[in-house]
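Student: Could you give me a close look at one part of this model, the links between its side chains? I'd like one connected walk through them.

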Amino acid sequence: MGKARANTIVANTIVPIAGEDEGDSRLPSRLRKWGSEAHLSSAVARLEALLADRGFERMPWLAVAMLAGIGIWFALPGPGDWLIALGLCGLPAGLALIALRADDRALLRIAAVAVPLMIAAGIVLIWARSALIGTEPVAGPRVAVVEALVLEREEQPARERVRLIVATRDPLDARSIRARLNVPEEMDDPRLTAGAQFRAKLRLIPPQRAAVPGGYDFARAAWFDGLAASGSLLEQPAITREGGGIAGWRSRLAAHVREQVGRFGGTASAAIAATLITGDRGAIPDSDGQAMRDAGLAHMLSISGLHVGAIVAIAWLLVVRVGALFPWLALRVRLPLAAAGTGAVAGIAYTLLTGAALPTVRACLAALLVVGALALGRQALSLRLIALAAMGVMLFWPEAVIGPSFQLSFAAVIAIVAFHNSRFVAWLRGKRGERRGEGRPGRLLHAGLLLFLTGLVVEAALTPLVLFHFQRSGVYGSLANVIAIPLMTGLTLPVLIGGLVFDAVGWGAPFWWAGAKSLDLIIALAHGTSSLRGAVLQLPQIALWAVLACVAGGLWLALWSGRLRLWGLAPLAIGLPALFLARPADLLIEQSGRNAALLAPDGRLYLLRNSTSFSAEAMVEAMGKGAQYGVEPFAEFPEWPGARCNGDFCQIEAEGRVLLVAQRPAEVPYGPMVAACARADIVIASRRLPADCQPAMLKADSSLLTRRGGLAVDLSNGTIRAVRPQGDRHGW
C-alpha cells in the first residue's frame, strides 16, 4: 500500500512532455531558464536588501546626482545636447516604473527613479539660472565719459588699487549694465563707497575668457554675477553724490581694525585681522598670502565654515556656561534651545558683518542646520545634513559647484564627518574612555592626535581638487593646522571680537595686542612651513577625467560604510596615478596672441614676452612652473636654441615642428607672409593674417583666437585644445 502511494505521488509530480525522452537535449531546459531568472531575481533582491540596510546612506547620493547634472550642463556644448541628456535621464526612470514592482522592490524602484530625476533637476536648475541671470557682455572695448553708481567697494592696498562694482550704461546703446572697475590709488577718493555717484572717463572691455585652457574663466563668473564689462578709470572721478550705508561703515571698520592691530603687529597681521572681522582681503600682501596657501592655511584667509562655526560655538558656550551659573535661570529656561538661538543670531550677524559673500552664506547655512539639529536633539554633524546643505546651495546658486570654494569646503566637511564616523575614530574614543583617569596632558595629547589625523584626511581629500584648480598644493598643511586651528578659533577670533566690544569703553588695547601676537605667530608658522624642503607640490595642468575619478572614489569611500566602501579604491587607483603622471602641453598660446609659452625637452620654459601679466602667470602655472615664477626670470623665444628672429617674427623648430611667431603686430608684405606660412607648421600672431596664409597645422591669429580663446598644443601628436570648444553655445 505504501509503495503504491509513493508511485502515485511521483507520477503526479513529473509532468511528461510529448515527444521528449531523457536523452533529448534539443528542447529548451525549463530548469535552466528558471535558474537564470532566479539568479537575476536574487541580484535584484540583494540590491533591495542593500538599500534597506543603509537607510542613513542613501540620501547623500541625491545631492551627488544633482551635482552631476549641473556638471553635465557645463560639459555639454549646447541646448540640443542638454535636451538629449534630459531625455536620457527620463529613460531609466520610466523603465524602473514599468519593470520594478512597488510591493517587493520599492527601494530599488525609488532609487532608479530618484537618481535620474535629480540629475535632470541639476541640468534644469543651471540652465534656468543661466537663462534668467546670465548677463550679455558688451560687444567690444568702450572708452567714454559716463555716470556711474557705486554698488560695492573692495579695498586692495596690497595691489595699490581699489576695486569697484558699479552700475552704469553701455556708452554705445545706453543699455543698463554692471561693471567691475580697477581704480589706482592715485585716482581713488574715499567717498567712492556704496551709494556714491560719480562721473569719469572709463575704459570698458568684455569680461575676459580664460587665458589658457583650464585656467580661471572670468567671463563665465561674470555671466552669473551679472557683470557685463570690466575696465579701469582713465581720469580722476568727479563725485556727484556721496554714498553711505553699511558698506561705507564696513570700510571704516576694516580701516579701524587694521589700525588697532597694526599698532602691535605687522602689516600682514593687521590685514588678516580686517579679513576676519569684515571679510576685506585686499590688504593682505601677496607674499604672505602665498605663504599661507603653501602652508595649507589658505582657509583662514576667507570667511568660511571655520570662522562661522567658531563664532556660533563661542555664542553657544557663553549662553550655556553663563546660564548654568544661575540655577534659577537654568531651571526656567531650556539653555540648549536658548544657546541654539543665540548661536544662530551670532552666525547671521557675522555673515552680514563680513559682507555676506557666497562662501560665507554657504557656511552660515550649514551652521544653522547644525544648530537646528542640536536644538532638536539630533546628531549635529551627519552626511545627510551636509547633503541637505549642499542641495540648498545648488538650488539657489547652482553655478557655484564648478568653483573651488564650493568643492573645497564641502570636500573638507565630508572628509571630516566621514572620518569621525569611522570605526577607527570610534576605537580611538573608546581607548580614550578607558583612560579617563590619565589626566589633562593625556587628553590634550589624544585631542592633538585626532586633530592631526583629521588634518591628514582633509589634506588627502583636498589635494586633487587643489592641484586641479591651482596646480600647486601645500604638503605639510596637516602639521601646520594642528597649531593654527586651535590658535585661530580659541584665541584670535575671540580676542578680536573682544577688542571691538571693549573699544566702546576704551579697554580694547589688551585684546588687540593679543590678536596681533597670535596672528604674527600664525604668519610666522606659514612662512616657516612653506619654506621647508618639499613643502609645495607643483604639477602641470591636470586632465578633468583624472580629478573626476579621484572625486568619485573619494565620495564612494565617504558616503558608504563597511566593505562596500572599498570599491571606491578602484577609481582612485586610476585617478591618482594620472594626477602625478600628468605632462604639460608643449605650447600654450594666450587668448590675445600677444604671448605664448614653449616648453623645451630639458624642462626649461620660454616665453614670448617675459612679463608679470595675469596671462603670463596663468601660462607658467599651467606648465607646472609657478613655484619659480617671480623669483627667477624665464628665457624668451629669441633665446631658444637655433631660433631665427628679426624683430618682427621668430622662427623656431621644436619637436620636429616649425613655429613662426610674431613678436609684435607689424605689417608684413602679402607675398613674403604667405610664403613664410607655407614653410611653417604653426603660425602665431596677435593680428589677423591673410586667408592665403596656410600653415600645415595651425594658424593662431586674432580671427581664430577671438572665436576659440587660448590654445594648448601638443606638438608630438598634433592635438589642440581651446578655451572655447568647437560648437560651444554657453552664453559667455
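Tutor: Here is that walk, starting with the sulfur links and moving on through a helix to charges and rings.

Keep in mind that this is a predicted model, so local features need pLDDT of at least 70 and side-chain atom pairs count only at pLDDT 80 or more, while totals for chains, interfaces and linings use all residues. Residues are numbered from 1 along each chain as its sequence is written, and side-chain values use heavy atoms, with hydrogens and water left out.

Let's take the cysteines. Counting a disulfide as a pair of cysteine sulfur atoms within 2.5 Å, the total is two. Number the bonded cysteines in sequence order and the protein chain pairs them 1-2, 3-4.

One of these bonds joins Cys645 and Cys650, with 1.9 Å between the sulfur atoms. The angle about its S-S bond is 110°, making the link of Cys645 and Cys650 right-handed. For the surroundings we need a scale: buried is under 20% relative accessible area, exposed is over 50%, and partly exposed is in between (1.4 Å probe, protein chains only). Cys645 has 33% relative accessibility, so it counts as partly exposed, whereas Cys650 is at 0% and therefore buried.

Cys677 and Cys693 make up another disulfide, again with an S to S distance of 1.9 Å. Here the S-S angle is -80°, and the link of Cys677 and Cys693 is left-handed. Cys677 sits in helix α23 (residues 670-679) and Cys693 in the loop between β16 (682-684) and β17 (698-700), so the bond ties together parts that are 16 residues apart in sequence. By the way, those labels are DSSP runs numbered from the N terminus: helices are H or I with at least four residues, strands are E with at least two. Cys677 is buried because its relative accessibility is 0%, and Cys693 is buried with a relative accessible area of 0%.

Now go to helix α5, residues 106-133. Its 28 residues reach 39 Å from the first C-alpha to the last, close to the 40 Å expected at 1.5 Å a residue; that expected span is 1.5 Å times one less than the number of residues. Buried residues of α5 include Leu108, Val113, Met118, Ile119, Ile123, Ile126 and Arg129. In general, an α-helix has 3.6 residues a turn, so residues three or four places apart point the same way.

Arg129 brings us to the charges. A salt bridge here is a side-chain nitrogen of Lys or Arg within 4 Å of a carboxyl oxygen of Asp or Glu, and the structure holds 13 of them. Arg129 meets the side chain of Glu399 in one, 3.1 Å from N to O. Glu399 lies in the loop between α14 (383-396) and α15 (404-420) and Arg129 in helix α5, so this pair ties together parts that are 270 residues apart in sequence. Both Glu399 and Arg129 are buried.

Glu155 and Arg153 also form a salt bridge, at 2.8 Å from N to O. Glu155 is buried at 17%, and Arg153 counts as buried at 14%. In the salt bridge of Asp189 with Arg191, the closest N and O atoms are 2.9 Å apart. Asp189 is buried at 12%, while Arg191 counts as partly exposed at 37%. Alongside these, salt bridges that share partners join Arg153, Glu155 and Asp188 into one network.

Last come the rings. Phe, Tyr and Trp rings (for Trp, its six-membered ring) pair if their centres lie within 6.5 Å, with planes under 30 degrees apart called stacked, over 60 edge-to-face, and the rest tilted. There are 17 aromatic pairs. In one, the ring centres of Phe74 and Trp732 are 6.0 Å apart and the planes are at 40°, so the pair is tilted. This pair links distant parts of the chain, Phe74 in helix α3 (residues 60-75) and Trp732 in the segment after β19 (719-722), 658 residues apart. Phe74 counts as buried at 14%, and Trp732 as buried at 12%. Phe74 and Trp732 belong to one aromatic cluster together with Trp73, Trp82, Trp127, Trp223 and Phe224.

Elsewhere, Arg180 lies over the face of Phe218, 4.1 Å from the ring centre; that call needs NZ of Lys or CZ of Arg within 6 Å of the ring centre and within 35 degrees of the ring normal.
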